[in-house]
Amino acid sequence: MKQDFNGLRVTSFESRRCEEMKKLISYHGGVPRVAPSMREVPDLKTPYVTRFADDLFSGSVDLLILMTGVGTRILSDMVTAESGGKEYVEALRATTILARGPKPVAALRKLGLRPDITVSEPNTWRDILSTFDQRDMSLENLIVYVQEYGVSNEEFLASLEKRGADVRRIPIYRWALPEDLGPLQDAVRSISEGAEDCLLFTSSRQVSNLFEVAGTHERNTEFMEGMKKALVCSIGPTTTETLRENGISVDYEPDSPKMGNLVREVARRSAALLVKKRTAFQNGVDTRNWSRTQMVWSEDGARTRRSETTSAGAFMKACRLEKADHTPIWLMRQAGRFLREYREVRSRVSFKELCKTPDMASEITLMTVDRLGVDAAIIFSDILLILEPLGLSLEYSSVDGPVIGKPLRTRRRIEALRDFDPESMDFVYQALSTTRRALDPEVSLLGFTGAPFTVASYAIEGSGSKNYINTKKLMYGDPSLWERLMDILTSSISDYLCAQIDAGADAVQIFDSWVGCLSPADYEKFVFPHVKKLISTLPSDVPVILFGTGTGSLLELMGKTGAGVIGLDWRVDILDGWRKAGSSLAVQGNLDPVSVLSTPSHVVGEARKILDRVGERPGHIFNLGHGVLPQTPVDNVLRLIDEVHEYSAQAGE
Ligand code: CP3
């Protein structure tokens with residue numbers, strides 16, 4: 001299974017390595033176009049400069065117009081390099097010099113010269129023309145040289161000619177533009193017509209040069225619109241910054257700035273990236289379209305979901321134990337601190353604000369999928385946010401993790417919990433509906449929640465815990481109060497999950513991360529009935545993943561909760577775990593997150609062991625046994641995802 005450009009038009013602005021680029025793009029299934037945007041070896045002795053020097057030294061230059069300071073300096077260096085400094089300055093002294101603004105005046109001063117004519121502010125080319133008018137200066141039959149900077153200003157040159165001048169250009173480029181601007185101008189035209197699918201920038205100068213050429217194009221507004229429609233991919237941070245400075249947001253940047261990485265990674269994600277770009281954000285997303293009236297109750301009391309199903313990829317197939325062309329993979333905590341892009345966003349916005357701003361939460365969810373190429377997106381949120389509408393205070397500290405203001409340990413406080421209003425979590429449903437519309441239909445969207453036990457453990461302990469002493473104290477010491485708390489949480493979580501499904505979640509995961517601290521007997525008595533009840537209230541056609549860690553001895557019971565997929569951690573052998581959970585169910589897991597910290601080859605080996613163990617059996621969703629750790633190298637994660645896709649696809653051939 002090779003995901004590639006699939007016939008998309010891919011334009012590269014590479015110059016020196018343009019042939020290699022063409023081959024790379026074709027190899028990955030794209031239709032290549034190269035628009036070399038730079039002159040790799042600046043030709044200092046351009047014919048323009050030589051001609052100017054000849055005319056200057058023979059005394060035939062009547063007027064020299066200096067447009068910029070940098071250009072004045074470069075011109076001086078170029079002519080001096082050819083003919084020895086003194087002579088140049090002397091020759092200039094004998095010529096009439098017009099300096100457009102203060103910068104060429106300063107550059108001249110360094111040469112010991114003063115301009116004969118200066119121009120009033122704002123020093124535009126029109127002001128140059130008015131200066132001639134004010135001085136009643138005729139240009140008839142004068143040889144006028146114009147030192148240019150960047151692309152020629154044709155209108156200015158034409159006006160000089162109209163006044164009778166014999167106009168000669170001395171083009172000097174900020175970033176040596178190619179001699180032949182044709183391909184770059186063609187690219188500008190085709191971007192303006194909205195005909196480009198994907199643009200690859202491999203240096204920041206390519207960006208400056210493209211914008212320089214586009215700046216003189218008569219359809220500049222259309223060019224900007226076209227840039228916003230195409231997929232814009234950048235080799236690295238400097239190029240990205242230059243694009244942003246020019247008002248263009250970047251859709252993809254590989255972690256290691258290599259041409260091969262850029263093409264390969266963009267090729268793999270291009271379809272999804274384009275869908276995202278061209279549908280959701282352009283059609284103006286209505287983020288408030290979720291409505292619970294779409295849910296209907298069936299006769300057996302279970303809700304069924306609205307009929308249209310939006311995701312049809314390998315993930316959904318595995319949930320339903322159907323054969324897929326590859327083993328699907330996603331990673332718990334895939335949107336998190338191990339991603340540079342996430343850290344960048346987090347440096348500006350607090351975690352809670354991110355979660356509660358639907359556009360940002362959606363953007364992070366989508367960005368992660370684009371970056372990783374996984375088969376499922378999990379909405380960016382947190383299991384503990386539901387505690388706030390129940391009346392508890394919640395903060396996330398960078399040192400201590402989540403902290404709950406006053407832990408919930410008494411009957412009085414439990415009875416005082418507020419009724420859960422599903423609309424209080426509106427931001428999650430909005431993020432889901434935006435994300436679902438923007439996602440590639442092959443990629444599934446997961447909603448999620450904490451399970452009643454795990455949410456209760458945070459509420460009671462006040463933070464993460466090692467031994468769950470307060471939780472167990474309450475559970476053993478006052479079973480009826482425990483029941484009461486479980487009932488409140490179960491019904492709240494049920495409403496919450498139903499609304500998530502209605503907003504566009506294709507499947508949901510229930511995180512019972514810490515339930516492994518219980519014995520099987522306690523699990524059966526204090527937890528199992530609530531999880532079972534919770535799942536029974538969910539639409540029967542939406543896959544439910546039940547996940548926990550340290551659950552080796554609980555898997556038989558977890559398999560009886562009604563969940564269709566059981567999450568396994570790395571402490572169990574995947575087939576043993578699957579047998580315990582139930583062979584008629586699907587499983588998710590179970591690579592040790594710590595093994596992804598090692599080397600790519602170790603990661604590949606460990607992934608293959610799991611895939612070999614499962615073999616052809618349908619119903620396996622690859623994942624880690626718990627969340628990705630923040631210190632995980634991104635390259636290892638990408639290697640893992642590629643390997644799971646490629647190795648499982650080959651096995652199935
Ligand atoms: O990418 C995803 O998986 C989606 C988002 C997601 C987060 N938390 C974001 C998050 C999901 C699914 C969770 C679930 C979650 N949250 C669990 C269950 C999974 C597990 O890890 O067992 C639990 C126990 C929590 C509670 C929680 N939230 C803790 C303990 C912490 C602090 C520790 C840590 O890992 O950072 C959080 C904060 C949190 N939740 C972050 C993220 C990205 C880090 C916030 C930051 O940027 O500082």
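**Chatting through a predicted model**

Tutor: Let's start with helix 25 (residues 600–614), which lies across strand 19 and strand 20 and runs at about 155° to strand 20. This is a predicted model, where local features need pLDDT of at least 70, side-chain atom pairs count only at pLDDT 80 or more, and totals for chains, interfaces and linings use all residues. Residues are numbered from 1 along each chain as its sequence is written, and side-chain values use heavy atoms, with hydrogens and water left out.

Student: OK, and what counts as a helix or a strand here?

Tutor: They're DSSP runs numbered from the N terminus: helices are H or I with at least four residues, strands are E with at least two. Axes are lines fitted to C-alpha atoms, for helices over the stretch in contact, and angles run from 0 to 180 degrees between N-to-C directions.

Student: What order do the strands have in the open sheet of 7 strands?

Tutor: The order is 12-15-16-17-18-19-20, with parallel pairing. Two strands pair if DSSP finds at least two bridges between them.

Student: Which strands stand at the edges?

Tutor: Strand 12 (376–378) and strand 20 (620–624) do; each has a single partner strand, so one side of each is left without a neighbour in the sheet. From one strand to the next, the twist averages 25°.

Student: How many bridges are there between strand 18 and strand 19?

Tutor: Strand 18 (residues 565–567) pairs with strand 19 (residues 586–591) over 3 bridges, in the parallel sense. G567 stands opposite Q588 in strand 19.

Student: Switching to helices: at what angle do helix 8 and helix 10 pack?

Tutor: Helix 8 (residues 182–192) and helix 10 (residues 220–229) pack at about 75°, with axes 7 Å apart. That makes helix 8 roughly perpendicular to helix 10, a label for angles of 65 to 115 degrees.

Student: Which residues make that contact?

Tutor: V188, I191 and S192 come from helix 8, and E222, F223, G226 and M227 from helix 10. Contact means heavy atoms within 4.5 Å.

Student: What about strand 9, which residues cover its faces?

Tutor: In strand 9 (residues 231–234), L231 and C233 on one side and V232 and S234 on the other are all buried, meaning under 20% relative accessible area (1.4 Å probe, protein chains only). Strand 8 (residues 198–201) runs parallel to strand 9, joined by 4 bridges, and C198 has L231 as its bridge partner.

Student: Last one: is N209 buried or exposed?

Tutor: N209 is buried, with a relative accessible area of 0%. N209 sits in helix 9 (residues 204–215).

Conventions. Angles under 35 degrees count as roughly parallel, over 145 as roughly antiparallel, 65 to 115 as roughly perpendicular and the rest as oblique. Buried means under 20% relative accessible area, exposed over 50%, partly exposed in between (1.4 Å probe, protein chains only).
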